[in-house]
Amino acid sequence: MAHLASDRRDQAVRAAVEQGLLSETEPVVALVDIAGVRASAAALRSAFEELTGAPVLHAFAVKAAPLVPVLRLLDAEGIGAEVASPGELALALAAGVRPERIVLDSPAKTRAELAEALRRGIAVNADNFQELDRIDALAGTGTGSDTGTRSGTGTGSGTGRGTDSGPGSGFGPGSDPGPGRSRLGLRVNAQIGAGAIGALSTATATSKFGVALRDEGARERIVRACLDRPWLTRLHTHSGSQGLGLELMTQGVLAVYELAEEINAAAGRQQIDTVDIGGGLPVNFASDEETPTFADYARALRDAVPGLFDGRYGLVTEFGRSLLAKHGTVLARVEYTKTTGARPIAVTHAGVQVATRTVYDPAAWPLRIAAYDAKGAPKAGDAVVQDVAGPACFAGDLLAEARELPLLEPGDVVAALDTGAYYFSSHYAYNSLARPGVHGFRADAAGVRFTTVRAPQTVEQIVAESGGDRPDALL
């Protein structure tokens, strides 16, 4: 699989040069391997289908690639959407993702966002107790009340613990919430500790996300909050992203599964029927190998939390980087080369505007760089230690430092690999550098066919976004 993916990439680089996609006028461009994305989606689905017959909703974390055609492709492959803002929700809806296949997560949802989600029947994971109170008020239920609303939020008696009622009944084995009814959950911080990248570790003792599970009195308060709200049928956890090992990830899921079992025992019924395990599967940025795999993670979960797969619980996943990263490549022309302090430097058009995390935290986010000649063929020659620099006006704008590559020359092409998630879709407008065009590609024996996902940003668009229509506003 890795060999096939690298072959497709080499074909696409050559074709991008030959077809003028990458040129002097468009010196940086992003490519998406459509076959690779489809393969990852299929691998995710099959990994969990092999272990459970209960419903599983795979919801792509839109923040990883907020591009409507990408979301549409994933939707066609059976992958829904996890959104964390009104903008991400709008993108998912524009891509045709059905509301019942969308999950709203955010630590700062407004009343308007919550009301919209409830109106549309979108699943919501409340981040905290205050948000639960807001949902009570919006749905007109109150805690322990016996009324509900029907305008998209559900109905039923909320007093008895033996009923599914309120804004949304569960998405789980044997449950049918009906049209326009939101499935509601509570995000729990399992407080299992940090992975290798602190900024991406969301299950630390003091994380801003979710309700802390191990703080004094917190567990009891969570159980009480659920028992008071029979319509609260999900628990959600997400322990972090890149830098988190499988063992730590499964510990977080185990902690929340045990909490679900405790709530159900106290309720005398299976009130919690779905566990949203989040995403966070790390990506191998060192080679073309896709490891760990979704199957590796699913098996690790089964071994650590066997009760999660016995058919009693529906599942939701929220993978992002692991679905897209290996299938994206950023290409940039080498504009100039120089030698400074005896080290060669290749100045390219891709830097902090596309690889923000790599530039500001290269130790945590190193990128592989592949070298191609001016015709788009893999570049030959002895490896030479050199820097690959970006165009921004600060010294640290480097894609790679002291990297061994064939000596780069003006007109050559550098490829930043594994950049399908967070890189070309999360633009950083330093120096008013333009967003690159993004193009999907299909590569086979007949050649390479490109399709535009997002057109490159124009100078006119940069001016318009920067108040160009009101130059006298401050005079």
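A quick word on the ground rules. Residues are numbered from 1 along each chain as its sequence is written, and side-chain values use heavy atoms, with hydrogens and water left out. Because the model is predicted, local features need pLDDT of at least 70 and side-chain atom pairs count only at pLDDT 80 or more, while totals for chains, interfaces and linings use all residues.

Let's start with helix 9, residues 294-304. Helices here are DSSP runs of H or I with at least four residues, strands are runs of E with at least two, and both are numbered from the N terminus. Which angle does helix 9 make with helix 2, residues 34-49? The angle is about 20°, and the axes are 8 Å apart. Axes are lines fitted to C-alpha atoms, for helices over the stretch in contact, and angles run from 0 to 180 degrees between N-to-C directions. Helix 2 and helix 9 are therefore roughly parallel; that label covers angles under 35 degrees, with over 145 roughly antiparallel, 65 to 115 roughly perpendicular and the rest oblique.

On the helix 2 side, the contact is made by Ser 40, Ala 43, Leu 44, Ala 47 and Phe 48, and on the helix 9 side by Phe 294, Ala 295, Ala 298 and Leu 301. Contact means heavy atoms within 4.5 Å. By class, these residues are eight nonpolar, one polar and no charged. Nonpolar stands for Ala, Val, Leu, Ile, Met, Phe, Trp, Tyr, Cys and Pro, charged for Asp, Glu, Lys and Arg, and polar for the others, Gly among them.

Helix 9 also packs with helix 8, at an angle of about 50° and with axes 10 Å apart, so helix 8 and helix 9 are oblique to each other. From helix 8, Leu 246, Met 249, Thr 250, Val 253 and Leu 254 meet Asp 296, Tyr 297, Ala 300, Leu 301 and Ala 304 of helix 9. That contact has eight nonpolar, one polar and one charged residues.

Being three residues apart in helix 9, Asp 296 and Arg 299 are separated by about one helical turn. Asp 296 is partly exposed at 27% relative accessibility. For reference, buried means under 20% relative accessible area, exposed over 50% and partly exposed in between, with a 1.4 Å probe and protein chains only.

Is the pair of Asp 418 and Lys 326 buried or exposed? Both residues are buried, and their side chains meet in a salt bridge at 3.2 Å, N to O. These two also belong to a network of salt bridges that links Arg 9, Asp 288, Lys 326, Arg 368 and Asp 418.

Last stop: Val 388, in strand 14, residues 383-389. Val 388 counts as buried, with 0% relative accessibility. Its C-alpha atom is 5.5 Å from that of Leu 399, eleven residues apart along the chain. Leaving aside neighbours within four places in sequence, the contacts of Val 388 include Ala 346, Ile 369, Leu 399 and Val 414.

Note on methods:
A salt bridge is a side-chain nitrogen of Lys or Arg within 4 Å of a carboxyl oxygen of Asp or Glu.
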